[in-house]
Amino acid sequence: MSQIGMRSDAVVLFGVTGDLAYKKLLPSLYSLAERGRLGVPVIGVARSDWSDGQLRERAAAAINESGIAIDDRVMHDFLHTMTYVRGGYGESALYERIDTRLKEVGSKHPLFYLSIPPSVFDEVIGGLGRVGLNEQTRVIVEKPFGRDLATALELNRILHEHFSESAIYRIDHFLGKEPVQNLLVFRFANSLFEPIWNRHHIHSVQITMTEKFGVEGRGGFYEEVGALRDVVQNHLLELITILAMDPPVSADANALRDKKVEVLKAIRTLPPERVVRGQYVGYRDEEGVDPQSDIETYVALEFEIDSWRWSGVPFLVRAGKAMKETITEAVVEFKAPPRLLFGAADGAPPPSQLRFHIKPDDKTVLTLQAKAPGSEMVTRPVDLAVSYEDSLGEGPEAYEQLIDDAMDGDAQRFARQDAVEEAWRIVTPVLEDPPPVKPYWKGSWGPEEAARIAAGIGGWTPFHSAH
Ligand code: NDP
């Protein structure tokens, strides 16, 4: 299980015939080639009876359909780096064929991308280990990292049987998104906010991740997951760690991840009574969904962080499908001044807020009170706002960035096992004893009961688009 210090010299994509490969991975590999960041052979692996030609046709279709700008020369060269190796994942000869193909293309340090169902991880990891392809190589593992603490530990056991932790890249594409990374830069490249980034000045933090659409034909998949597993245990706890972590001692991947794990360790295990689960009316009629389903398509909850920095500051989260708008944002609300000298047109002026928009726009907005024009000393909110994409341009797609990182051996934007385990620990009581789901209408903001989660802080903050 020795380590490598150099860039990967081939990409082996298991599950190349699948949905994720088509929608994201093949276009991302093309984009890397276009930026001059690939330049290595790509080997597709799956059970389907495909030829190299069929793989290339499929890759060309995926890239065309993704809508990215295409350079014919790059496309031609990229497609000609691709070959296909067919086989069942439990078949030991498959791994010998992969080993032979890697030797043919002169690769000694390939990156394996497991874009396959978790049920076959065991066979693939074992197969790679048996032919020595766990030496001087790297492996990207797709989420989900288990469906609870016990299965996460089991997945880890399987991985660690053949790969060391530093060779494992647990991918959560949310971490590769530009606005999520920008949050880290916002906090640690500017010292302006650090002195007030604590319980003495921050009143509450609210995180919202809503989608206008429902499960859309993926009912069978969603029945096994639900909102808590799908987005809270991973993406939204990640967002909280970035917002709440202490400054890392260096930019090293482990220094950064150590600080994230510290936050997770300080988050109290979630009591089911601080959670509201919802289900949109009509979910039970979706294809693949149990007519009696108790799976939540909405969740609202409060996390408490027991640390010197955050004790007493509520971190509220709500996430749902079939909601009024598609939004991902984090709102940091500051404390009101100790004594109000000015009124607002309609009562007391609301406190200052810092909003990080992640979707649909990539923006940071600081909402402050200003003097309303006129003879009276009353206030009106104003926004100091910046759209990063408008100001600085667009960054790479999340998968493109993350494959590039893994090829370089940079694990900064990947989940570490101890963080995965802590995140499961936090949500375990709710998974084991879930409160009943409350119905809500499609196109609404979720079940009425969710208001009780935010009652202690005066209710959920309106969404940015509501301004
Ligand atoms: P698919 O269901 O499309 O499967 C990928 C490939 O794996 C298939 O093309 C198939 O290839 C092979 N496969 C499927 N089922 C089995 C099976 N029972 N036994 C052996 N091989 C099988 O998955 P996705 O592409 O959607 O996802 C791949 C991974 O990425 C999963 O771990 C998923 O959780 C994760 N993921 C997917 C996302 C998405 O948007 N699709 C988003 C985030 C994560 P063949 O039959 O040719 O061997």
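Which residues line the second largest cavity? The second largest cavity is lined by Pro 179, Asn 182, Leu 183, Phe 186, Phe 356, His 357, Ile 358, Asp 362, Lys 363, Thr 364 and Tyr 388.

## Basis of the report

The structure is a predicted model, in which local features need pLDDT of at least 70 and side-chain atom pairs count only at pLDDT 80 or more, while totals for chains, interfaces and linings use all residues. Residues are numbered from 1 along each chain as its sequence is written, and side-chain values use heavy atoms, with hydrogens and water left out.

## The cavities

The structure holds four cavities of 30 Å³ or more. On a 1 Å grid over the protein atoms alone, a cavity is a set of points where a 1.4 Å probe fits but cannot get out, whereas a pocket is an open set with protein on both sides within 12 Å along at least five of seven lines, and lining residues have an atom within 4 Å of a point. Grid points are joined across faces, edges and corners, and a volume is the space filled by probe spheres set on the points.

The elements that give two or more residues to its lining are α7 (178–188), β13 (353–359) and β14 (363–371), and α7 gives the most, with four residues. Helices (H or I, at least four residues) and strands (E, at least two) are DSSP runs, numbered from the N terminus. By class, the lining of the second largest cavity divides into six nonpolar, three polar and two charged residues, where Ala, Val, Leu, Ile, Met, Phe, Trp, Tyr, Cys and Pro count as nonpolar, Asp, Glu, Lys and Arg as charged, and the others, Gly among them, as polar.

The largest cavity has a volume of about 80 Å³, and the residues that line it are Met 209, Thr 210, Glu 211, Tyr 222, Ala 227, Asp 230, Val 231, Thr 297, Ala 319, Gly 320 and Lys 321. Two or more of these residues come from each of β7 (202–210), α9 (226–244) and β10 (315–320), and the largest share, three residues, comes from α9. Five residues of this lining are nonpolar, three are polar and three are charged.

Two strands pair if DSSP finds at least two bridges between them. Strand β7 pairs with β11 (residues 327–334) in the antiparallel sense over eight bridges, and in this pairing Thr 210 stands opposite Ile 327. Strands β7 and β10 run parallel and are joined by six bridges, with Gln 206 standing opposite Leu 316 in β10.

Glu 302 lies in strand β9 (residues 298–303) and is buried, with a relative accessible area of 15%. Not counting residues up to four places away in sequence, Glu 302 touches Leu 270, Arg 274, Pro 314, Phe 315, Leu 316 and Ile 453, where contact means heavy atoms within 4.5 Å.

## Backbone features in loops

A cis peptide bond with omega of about 10 degrees joins Lys 143 and Pro 144, and Pro 144 is found in the loop between β5 (138–142) and α6 (149–162). Another cis peptide bond, with omega of about 0 degrees, joins Lys 359 and Pro 360, and Pro 360 is placed in the loop between β13 and β14.

Gln 136 has a positive phi of about 60 degrees although it is not a glycine; Gln 136 sits in the loop between α5 (121–130) and β5 and is partly exposed, with a relative accessible area of 25%. Glu 216 has a positive phi near 40 degrees, lies in the loop between β7 and α8 (219–223), and counts as exposed at 58% relative accessibility.

About 260 Å³ of space lies in the second largest pocket. Of the 20 residues that line this pocket, the closest to its centre are Ser 166, Tyr 169, Gly 409, Asp 410 and Ala 411. Domain 1 (11–171) and domain 2 (175–395 + 431–457) both give residues to the lining, so the second largest pocket lies between them; the domain bounds come from an automatic or database domain assignment.

Conventions:
Buried < 20%, exposed > 50% of the residue type's maximum accessible area, 1.4 Å probe, protein only.
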